[in-house]
Structure formats: structure tokens, C-alpha cells
Amino acid sequence: LFATALAVTVFVLGSVVWSGVTRRRHAHYALVVAFLGCLAWAIWEAEKVGATLVYNEAATLARTLHFIAVSLTFLAVPFLFVTGLRLARREEPGLRAAHRKSAFAFLVLVLVTFGLGSTMTTLADTLAQEASTGPKD
């Protein structure tokens with residue numbers, strides 16, 4: 001279920017970017033809300049997967065970096081929302097560029113978070129694997 005949640009989230013995020021770049025405001029607003037819902041679903045599913053993993057040293061480092069990237073991603077959200085809300089109310093000089101930069105930073109952080117989460121998951125062992133082979137030294 002996690003792979004499905006992640007795929008849907010990535011598709012909706014792409015749709016958010018497309019609707020923003022092509023200035024389809026009403027679609028953009030709806031897709032932003034849909035993205036937030038999909039992101040919450042993907043995080044929920046990721047937490048369930050993470051609970052089945054045992055983190056060795058390499059996976060623990062990737063996990064720490066992943067959590068830092070997650071924190072930075074969520075810290076970027078207020079800037080994105082403020083510039084987006086201001087842009088929705090009225091055009092101001094430089095505001096569209098500020099929103100574009102905020103959106104780009106958020107997108108990069110999401111991709112870094114995804115990459116680190118994938119690395120963490122790939123490096124970790126499952127609880128079942130750990131139980132059958134014993135702890136790695």
C-alpha cells in the first residue's frame with residue numbers, strides 16, 4: 001500500500017507543479033489540497049513500513065538525514081503558503097518569483113526526502129529477517 005500511496009502522491013505533486021506553471025489557479029488550489037491529503041497518506045504508510053525495519057549503522061545515518069530533510073521540508077511550507085496566498089490575492093512585483101523560488105525549494109526538499117527515505121529503507125533489515133538471521137555485528 002505504501003508504494004501506491006507514494007506513486008499517487010508523486011503524481012499529484014507533478015499535477016500541482018503543472019497547474020502552477022500553466023497558471024491554472026483553481027485547479028492548482030484543488031491539487032494543493034489533494035497533495036496534502038496524499039502526502040499525509042504516504043507518511044502514514046511510510047510509518048507502518050518503518051515500524052517493520054531494524055536500522056543498522058548505515059540505515060541509522062540515512063534515517064537521521066531523512067528526518068532532517070523532513071524537518072526542512074515542513075519548515076519550507078509556511079513560506080510557500082504565504083507567497084501563494086499573497087499571490088492569490090493580488091499581483092505584486094516580485095511575488096510570483098518569490099512563490100516560484102519557494103515552490104522549487106519545497107520540490108527539491110521533497111525529492112531529497114524521498115531519496116533519503118528510499119536509501120534508509122533499502123539499507124535497513126526487516127524484523128522478520130533480523131529474527132531469522134540474528135543481529136548483525
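I began with helices α1 and α2, whose crossing is left-handed (the near helix is turned anticlockwise from the far one by less than a right angle; clockwise would be right-handed). The model is predicted, so I note that local features need pLDDT of at least 70 and side-chain atom pairs count only at pLDDT 80 or more, while totals for chains, interfaces and linings use all residues. Residues are numbered from 1 along each chain as its sequence is written, and side-chain values use heavy atoms, without hydrogens or water.

**Entry 1: α1 and α2**

I looked up the extents: α1 covers residues 2–21 and α2 residues 25–50 (helices are DSSP runs of H or I, at least four residues, and strands are runs of E, at least two, numbered from the N terminus). The two pack at an angle of about 155°, with their axes 8 Å apart (axes are lines fitted to C-alpha atoms, for helices over the stretch in contact, and angles run from 0 to 180 degrees between N-to-C directions). That angle makes α1 roughly antiparallel to α2 (under 35 degrees is roughly parallel, over 145 roughly antiparallel, 65 to 115 roughly perpendicular, the rest oblique). I sorted the residues of this contact into 18 nonpolar, six polar and one charged (nonpolar: Ala, Val, Leu, Ile, Met, Phe, Trp, Tyr, Cys and Pro; charged: Asp, Glu, Lys and Arg; polar: the others, Gly among them).

Is Ser 19 buried or exposed? I found Ser 19 in helix α1, and it is buried, with a relative accessible area of 1% (buried is under 20%, exposed over 50%, partly exposed in between, with a 1.4 Å probe and protein chains only). Setting aside its neighbours within four places in sequence, Ser 19 is in contact with Arg 24, Ala 27, His 28 and Leu 31 (contact is heavy atoms within 4.5 Å).

I then moved to Arg 23, in the loop between α1 and α2. Arg 23 counts as exposed at 55% relative accessibility. Its phi is positive, about 60°, although Arg 23 is not a glycine.

**Entry 2: α2 and α3**

I read an angle of about 165° for α2 and α3, with axes 12 Å apart. That makes α2 roughly antiparallel to α3, and the crossing is left-handed. On the α2 side the contact is made by Arg 25, Tyr 29, Val 32, Leu 36 and Ile 43, and on the α3 side by Phe 74, Phe 81, Leu 87 and Ala 88. Eight of these contact residues are nonpolar, none is polar and one is charged.

**Entry 3: α3 and α4**

I found that the axes of α3 and α4 come within 8 Å and cross at roughly 160°. The two are therefore roughly antiparallel to each other. Their crossing is left-handed, and the contact residues divide into 22 nonpolar, nine polar and three charged.

On α4 I also looked up Phe 104. At 56% relative accessibility, Phe 104 counts as exposed. Phe 104 and Arg 24 are 80 residues apart in sequence and 18 Å apart in space, C-alpha to C-alpha.

**Entry 4: the cores**

Which residues form the largest nonpolar core? I listed ten: Val 12, Leu 13, Val 16, Phe 35, Cys 38, Leu 39, Val 77, Leu 80, Phe 106 and Val 110 (a core is a set of buried Ala, Val, Leu, Ile, Met, Phe, Trp, Tyr and Cys residues joined through side-chain atoms within 4.5 Å). Two or more residues come from each of α1, α2, α3 (57–89) and α4 (95–123). Apart from its neighbours within four places in sequence, Val 110 is in contact with Leu 13 and Thr 73. I noted a second, separate core of six residues, including Leu 53, Ala 62, Met 120 and Ala 124.
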